[in-house]
Amino acid sequence: MARGKSTAIRRVRRTGALALAAALLAGACSGGSDGDGDSDGGDKPKDSAAEGGGKLGWKKCAAPTAEQYQMRTEPKKMPDGAEWQCGKLSVPLDHAKPDGEKIDLALVRVRAKEKAGKGRQGSLVFNFGGPGASGVALLPLAAQKSYDKLRAGYDLVSFDPRGIGESAGVVCQSAKQKDADFALDSSPDDAKEEQALKAAQKRSVRACEKRAGKLLPHLTTEDTARDMDLLRAALGDEKLSYFGISYGTQLGGVYAHLFPKRVGRMVLDAPIDPTLGTREMALGQTKGFELALGNYLKDCVKSATCPLGTSEAKASGKLQALLTKIDKKPLATRGDRVVTEAMATTAVGAALYSKETWAPLSMALQEARSGKGDTLLALSDAYTGRGQDGKYTNMQEGGAAVNCADRSARTSYEDAKKETGAFRDASPVFGPSQAWALTSCEGWPVRGKSDTVDVRTDSDAPVVVVGNTGDPATPYKGARKMTDALGGGARLLTFKGEGHGSYDTGDACVQKNVNGYLLDGEAPKDGTVCP
């Protein structure tokens, strides 16, 4: 899985099935201090937008741009015929200089159902994770399947966070260079491969500094949380109602820390563990993906057609052998591209984000055994943000810029190499590349204040944290850690399921509890479990 220019597992969010459908959304690799909450608590901000959204300029949405999403078609109307509207919000580049240079944030919304009437709560703001996911592109896709019921009380709203998509999006390298970098061996076996990986990482950092240097110091999660408060005010809401997924839970936690008196009804699904540093988070996530891989293999071998045989004990070894074979001889595709070991590993990890994509993964591995890489390529491209036209979203570059601005930890190439043993023990498939990905912020021109995230809040709002016991990208133990770190009225809702996140699985118990809270204010008791 790609993180920076190394292949490693990142937290992303996905919606839909193959195409990777509405592709894999990007999910929460994180870290970094996000300011302290003493200065802004509950004071009214000096907003750069008019109350009630007077300056948001809502109009019919066009198709997403290449920087926002791989599939560029206009958003579909909601089942009741409601159309999506797009707008812009002007915010300070530097929040310490509110009257200084401005950047525009891209926005999207669909209005609440007309019959909502007195039940209307205002706006519900979404962040889909990454960091790097375009809310403008993803909310219209996800809402069709998952969120229409919430329109009984809310306008559904999302945005491209600063540095992402059409909100001053960070674009560092050409599509051709990205093709080459994502194909590089991310678990090098010799000095030559190590040097190639190191050169690619340094080249990427230099390119970002050259093309986006002015932006880079202002792309922290704290900056985005402050943007979100200006958005709240511009929408005319006294408090922020919020639905954050994966990295979006970090953003929500930081908002609650900075603006405790403005926290409304808040749901944090697939939470990060705010207490972990960069290394510990990466190692925990590696173990999470190994768990998810084991669950997939256990299911796969029940079928006589499983491409890895019918023995659970031997299936992992067969997958490793297949990847080693691909390392020596990349797979051909119908076009002029080939699938390398790094791309194949990315594809396998991408398919573990949802049980819905286990079947496409089995098909991809069956093809790979016969020397064909087309389905693995589709899975890998969906994860890295590559469209069929060869253009990339800026999900990976923008996400890397946020991560590196947030966190203080830096890992040298020598230290990363020393970590490969421990990471390989955690996961023979994903561990080595995850260890090398620790170098992704080495040489970055901006360094965060801390390597963990401060989300403690004085808010007494019953923030609902939703954890999935089978989540590969944000392991379940982080859900309790997030709940405890928030303090106040936070409570944990547990889903015994598979995949990244809970609400979008469609589980009736999870949706009943979350909808009951968001629409009626009835928060589940701490410790509620959805079997």
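This is a predicted model: local features need pLDDT of at least 70, side-chain atom pairs count only at pLDDT 80 or more; totals for chains, interfaces and linings use all residues.
Residues are numbered from 1 along each chain as its sequence is written, and side-chain values use heavy atoms, with hydrogens and water left out.

Let me begin with the sheet, which is open and mixed in its pairing, with 10 strands in the order 3-4-5-7-6-8-9-12-13-14. Strands here are DSSP runs of E with at least two residues, helices are runs of H or I with at least four, both numbered from the N terminus, and two strands pair if DSSP finds at least two bridges between them. Strand 3 (59–60) and strand 14 (528–530) each have a single partner strand, so one side of each is left without a neighbour in the sheet.

Now, how do strand 5 and strand 7 run, parallel or antiparallel? Strand 5 (residues 102–110) and strand 7 (residues 154–159) run antiparallel and are joined by 4 bridges, and Arg-109 stands opposite Val-157 in strand 7. Helix 4 (residues 221–235) packs on the sheet, touching strand 4, strand 5, strand 6, strand 7 and strand 8, where contact means heavy atoms within 4.5 Å.

Buried means under 20% relative accessible area, exposed means over 50%, and partly exposed lies in between, using a 1.4 Å probe and protein chains only. Val-464, Val-466 and Asn-468 lie on one side of strand 12, with Val-465 and Gly-467 on the other. Strand 12 pairs in the parallel sense with strand 9 (residues 263–269) over 3 bridges, and with strand 13 (residues 491–495), also in the parallel sense, over 5 bridges. Across these pairs, Asp-269 stands opposite Val-466, while Gly-467 stands opposite Thr-494.

Finally, the backbone spots. The peptide bond from Gly-130 to Pro-131 is cis, with omega near -5°, and Pro-131 sits in the loop between strand 6 and helix 1. Ala-168 has a positive phi near 50° and is partly exposed, at 26% relative accessible area, whereas Ala-270, with phi near 65°, counts as buried at 1%.

Technical notes: Axes are lines fitted to C-alpha atoms, for helices over the stretch in contact, and angles run from 0 to 180 degrees between N-to-C directions.
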